[in-house]
Amino acid sequence: GPCTECSCSSGKEADKDPSHTKKKENGDCIPKIFFGTRTHKQIAQISRELKRTAYSSVPMTILSSRDYTCIHPVVSNSSNRNEMCVELLEGKHGKSCSYYHGVHKLTEHHALQPVCQAWDIEDLVSLGRKLRACPYFAARELMAGADIVFCPYNYLLDPQIRDSMDIKLKGQVVILDEAHNIEDCARESVSYGVTESQLRAAREELDVMINNSIRQKHHEPLRAVCCSLI
């Protein structure tokens, strides 16, 4: 029978709530579904499967990195997309990002409204290029009204990414596809790679600090760690 319990039954988009949590008429919170996958390619597969179900028109969004969604001609070809994007938004060099200021053209487009079918990252990026609007920030804004949020594992596991993306998991539904990969992803989230040359450079700088009696009690243990790793 027809769906009667969620917003897709009325064909209307639910009101946007800054807390990213919808509320029923009696005040109870309606949880979002956060669907985590290992790769962006798997998200595309899941969105295709969603299209084939009765819930194809449920409000959704896909969170991904600027590597997949940035369309700025300069930033997208840079190796430091995140830093360049932030610099543009802050207007450090007297320039801004016209794509960012056109986000509303993308979030309000009829192709992304709940009455339409599920979409994937390629659809979003293609539409963003057509409208000259930023897919990265559009996907984030769509999260406010979404019932289903697709994203890679680390968006849910890494606390820094959760904070930066304003993801609140308390009281929500979390689905992890192929969850046997979670252990590796969790280790990667709290791990950091460093080269021997970086360790030697750090030791040399710490030597200078210690020889000049600058906060010796703090720098000596750090130098000892560098030496032991080297």
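Which residues in H10 meet which residues in H11? In H10, Leu 199, Ala 202, Arg 203, Leu 206, Asp 207, Met 209 and Ile 210 meet Gln 216, His 219, Glu 220, Leu 222, Arg 223, Cys 226, Cys 227 and Leu 229 in H11, where contact means heavy atoms within 4.5 Å.

This is a predicted model, in which local features need pLDDT of at least 70 and side-chain atom pairs count only at pLDDT 80 or more, while totals for chains, interfaces and linings use all residues. Residues are numbered from 1 along each chain as its sequence is written, and side-chain values use heavy atoms, with hydrogens and water left out.

**The helix pair**

Helix H10 (residues 196-211) packs with helix H11 (residues 216-229) at an angle of about 150°, and their axes are 9 Å apart. That makes H10 roughly antiparallel to H11, a term for angles over 145 degrees; the axes are lines fitted to C-alpha atoms over the stretch in contact, with angles from 0 to 180 degrees between N-to-C directions. Helices are DSSP runs (H or I, at least four residues) numbered from the N terminus. The crossing of H10 past H11 is left-handed, that is, the near helix is turned anticlockwise from the far one by less than a right angle.

**Pocket and cavity**

On a 1 Å grid over the protein atoms alone, a cavity is a set of points where a 1.4 Å probe fits but cannot get out, and a pocket is an open set with protein on both sides within 12 Å along at least five of seven lines; lining residues have an atom within 4 Å of a point. A volume is the space filled by probe spheres set on the points.

The second largest pocket holds about 310 Å³ of space. Of its 15 lining residues, Ser 65, Arg 66, Arg 81, Asn 82 and Tyr 136 are the closest to its centre. H3 supplies the largest share of this lining, 4 residues.

The whole structure has 3 cavities of 30 Å³ or more, and the largest cavity has a volume of about 110 Å³. Among its 14 lining residues, Cys 70, His 72, Cys 85, Cys 97 and Cys 134 lie nearest its centre.

Notes: Helices (H or I, at least four residues) and strands (E, at least two) are DSSP runs, numbered from the N terminus. Angles under 35 degrees count as roughly parallel, over 145 as roughly antiparallel, 65 to 115 as roughly perpendicular and the rest as oblique.
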